[in-house]
Amino acid sequence: MRTAQHPATRHWRHALAPGGLPLAGHALLMGRKPLQFLASLPAYGDLVELRLGPRPVFLPCHPELVQQVLVNARIYDTGGPVKEKAKPILGNGLITSDWADHRRQRRLVQPAFQAARIATYAEVMEEECEAESTAWTAGRPIDVSHEMLALTARVTARALFSTDMAPHAVAEIQHCLPVVVEGAYRQAIDPTGLLAKLPLAANRRFDDALTRLNQLIDRMIDDYKRADDGDRGDVLSALFAAQDDETGGTMSDQEIHDQVMTLLLAGIETTASALTWAWFLLGRNPRAEAALHAEVDEVLGGRAPRYADVPRLAYTQRVFSEALRLFPPAWLFTRTTTEATELGGRRLPPASDVLISPYVLHRDPALFPDPESFDPDRWLPERAKDVARGAYLPFGGGSRKCIGDVFGMTEATLALAAIAGRWRMRPIPRTKIRPRPQMSLTAGPLRMIPEPR
Ligand code: HEM
């Protein structure tokens, strides 16, 4: 394992990634097999430079360098081409705002994710997880990806908008969100920026789905304001009530709209992907599956899980943490330097792009022994304390750390426990899935057979 040493006294290894081509640089390798390519790079250095076309891009592979980037949010801000392309979709919300405005926005959105509010959202989680786990037919194959996405869409929509209109919102979100996520990713990776302007059927579907999502959010905001019935216990009420301690300011309707769009795009597919991977991994690891069943039986004794059970569902949480390690939904995110700076002894000019890849860190054998094996017990407190700071980043870090981390962990723990209490998820022999590195690291369709326990 790597040992801690003061960054200033350390000799950092720099490298140029191998395999670059004269004009394209490493763009083809990144386009074809991004996961394999990126995961090969820590072997070359602590800070690896690659070229995507003419642009140099830096990948810190050592957790201390990754930490430096994440905690210095003023110097390593969000930015670059990916952010510019996300703005027409997300507006100016937590993900797209620059450093100074982000601090104000975070102060305003944070109250919506306080523990007391998560406890209220958990009532929706309990209901929806119970509904999901009672909806299946014994022996009839299901597409786990589809089911998990439907579940997290229902939970998130109802936590955001607890009105009579919620069922309509759920249907609309389930229809539109996958189209928007897929289109946003296509635009993000298009180096020319021209794809979005072509008269393609896929672009028309994307525009239509985005318009419908925007209209839905506007209707929810109008409805909330018209009803004028105070705190409904949902996220939308908390956003309307939020007042900045420092300035006394509140959020405009447009700002609330942008935060809601951001939460929908950041919270649904991520949690669903990780849950799908958890079922896939459990299906291939009977011992872990048996340990999960044993815990759920002991803690719940045959009843549905409640929010109060979450702390006692420790193995269930370890299963999810380990799924997040092997298949982190946010497999890659970026920062751009706002001024010249130095990282690991290397001078980075202003506007340098820096890639942060939890996938790369989580599979580095120098950071996690036997990194390819699914071992939930590596998250037992006595073993987890040996994990280097900054090595495990499924929710990112620093001031832009995922605001929905507790929400997502709670939802996933309740979902795993509710389903494992009733069903053994049998894999279908010879089913092959490969991680799809898109907006999040999805599994694609995953057919499994629920068998009553
Ligand atoms: C397992 C599920 C989830 C994973 C793996 C995940 C991962 C992440 C990561 C890595 C970031 C940081 C990105 C960066 O630094 O650029 C992030 C940010 C964010 N996430 Fe999550 N997330 C999950 C669930 C959720 C949920 C459930 C919500 C909301 C309901 C949510 C809302 C957000 C928002 C709004 C941000 C931006 C925060 C900011 O910049 O202040 N996420 N997420």
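Let me begin with the largest cavity, which has a volume of about 40 Å³, where a cavity is, on a 1 Å grid over the protein atoms alone, a set of points where a 1.4 Å probe fits but cannot get out, and a volume is the space filled by probe spheres set on the points, joined across faces, edges and corners. This is a predicted model, in which local features need pLDDT of at least 70 and side-chain atom pairs count only at pLDDT 80 or more, while totals for chains, interfaces and linings use all residues. Residues are numbered from 1 along each chain as its sequence is written, and side-chain values use heavy atoms, with hydrogens and water left out.

A search of the whole structure finds one cavity of 30 Å³ or more. The largest cavity is lined by W279, L282, G283, E289, L292, H293 and M425, lining residues being those with an atom within 4 Å of a point.

Of its 27 lining residues, the closest to the centre are S145, L149, P178, E269 and T442, and α8 gives the largest share of the lining, eight residues.

Finally, the ligand's iron atom has a single protein donor, C402 (SG), 2.3 Å away, donors being N, O and S atoms within 2.8 Å of the metal (3.2 Å for Na, K and Ca). C402 sits in the loop between α15 (381–384) and α16 (405–422).

Methods
Helices (H or I, at least four residues) and strands (E, at least two) are DSSP runs, numbered from the N terminus. On a 1 Å grid over the protein atoms alone, a cavity is a set of points where a 1.4 Å probe fits but cannot get out, and a pocket is an open set with protein on both sides within 12 Å along at least five of seven lines; lining residues have an atom within 4 Å of a point.
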